Amino acid sequence: MSKASGEIKAEPDLTPLLDIVFQLITFFMLVINFGNDNYDQRVRLPVAASAAAVEPGPVEEDRLVLNIDKEGRLLINGAELTMDDAMKEIRNQADIKRRDAERYAEKKKLPKPDPNNLSTNVIIRCDRVTPYSDLYRLITACQERGFRKFSLKAMNAEG
Amino acid sequence: MKKSKHPDVDIPVTPMLDMAFQLLTFFILTYRPAPSEGQFGMNLLPAAPVIRMDAAAPPANDANANPDVPAALRTMTTQLRANPDGTLGRVTIEENELVGMDELRAKLKEILDPSQDLPFEQALIQADPQLKYEELMKVIDVFASLKINKISFAELGPNAAGAAL
């Protein structure tokens, strides 16, 4: 801090730079979409121009994402499940959703929900080359467990 | 400029900037733009009795009808046959054999005559087990573009009889 020589001390003002960096950080934090964590990147979706754009629903919207790879295996948390394990997983998920719905209805003093008509939206992300029989088996299994609402995912354009 | 006797407090901004840059680098590296995904929403109800779309409509207030058994739905059945490689082969709507999406679209437009009421209550797609999902999606795409949203699915058996989903 001492002025020993006659040189001019140049101190760049870093505050505006810091402001910009914080703004950039804020931007990236906001655009990070944690809701897409369930979307497995190994699944290559088919292209369908008429597929409706997904409207951002409420965060608490009840949904179940099923990623199905090209071999027809269900992908859960990165693991590939065999068809038998997939059936167990769907059964477990249905039990969880049913209990949640009952608890919610109890809390809000609503009539008891129909156990065979779950309000959960089953989002199916199926690979474009998956045989129909595998998809059909999984949808049937979901139906048998009480799921009624389904959404079939597709890309709006080749990406 | 120093009017008061307060000491000049120099806050070091550099470490904060370093940390901010690290955070920025982290967010840039982990950023994956969300793909533009769309979806076809549908209510897939349990199998219900179906009748052909050209059959006479069931009476609206049938006194003998059992309320526990759903009324038969007038159904337009579309059968999708696959080629050995899983691509879409023959398409059959009722008894009309079609080739390609253009013919399918034209036939559907013909059925969906705007001057008349909708001739069916649901569209049933019976697909070959070997059919690739993208081929099925092309057909759903055509249906959706013509505002046919009540779709149900079935698997096409070897004898072309499928169980409705």
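This is a predicted model: local features need pLDDT of at least 70, side-chain atom pairs count only at pLDDT 80 or more; totals for chains, interfaces and linings use all residues.
Read from the N terminus, they follow the order α-β-β-β-β-β-α-β-α-β-β. Of the 165 residues in chain B, 25% are buried. Contacts that join residues at least 24 apart make up 62% of those in chain B between residues at least 6 apart in sequence.

In general, strands of a sheet pair through backbone hydrogen bonds, in either a parallel or an antiparallel manner.

The strand from chain B, β1 (residues 37-43), is joined to β1(A) by two bridges, and these strands run antiparallel. Seven bridges, also in the antiparallel sense, pair β1(B) with β6(A). Gly38(B) takes part in both pairings: it is the bridge partner of Ala53(A) and the bridge partner of Ala154(A).

A helix of chain A lies across part of this sheet.

The contact between the chains involves 47 residues of chain A and 42 residues of chain B. On the chain A side, α1 (15-31), β1, α3 (132-144) and β6 each supply at least two residues. The largest share, ten residues, comes from α1(A). By type, this side of chain A divides into 31 nonpolar, eleven polar and five charged residues.

The largest nonpolar core has 51 residues, among which Leu136(B) and Ile140(B) touch the most other members. Helix α3 (residues 133-145) of chain B gives the largest share of this core, eight residues. Beyond its neighbours within four places in sequence, Ile140(B) is in contact with residues of both chains: Ala48(A), Leu152(A), Phe40(B) and Ile151(B). In soluble globular proteins, nonpolar side chains tend to be buried together.

Ser145(B) is also found in helix α3 of chain B. Is Ser145(B) buried or partly exposed? Ser145(B) is partly exposed, because 13 other C-beta atoms lie within 10 Å. From Leu44(B), Ser145(B) is 101 residues apart in sequence and 19 Å apart in space, C-alpha to C-alpha.

Terms used: Residues are numbered from 1 along each chain as its sequence is written. Chains are lettered from A and ligands numbered from 1 in the order in which they are written. A nonpolar core is a set of buried Ala, Val, Leu, Ile, Met, Phe, Trp, Tyr and Cys residues joined through C-beta atoms within 7 Å. A residue is buried if 20 or more other C-beta atoms lie within 10 Å of its own, exposed if 12 or fewer, and partly exposed in between; C-beta atoms are placed from the backbone. Helices (H or I, at least four residues) and strands (E, at least two) are DSSP runs, numbered from the N terminus. Two residues are in contact if their C-beta atoms, placed from the backbone, lie within 7 Å. Two strands pair if DSSP finds at least two bridges between them. Ala, Val, Leu, Ile, Met, Phe, Trp, Tyr, Cys and Pro count as nonpolar, Asp, Glu, Lys and Arg as charged, and the others, Gly among them, as polar.
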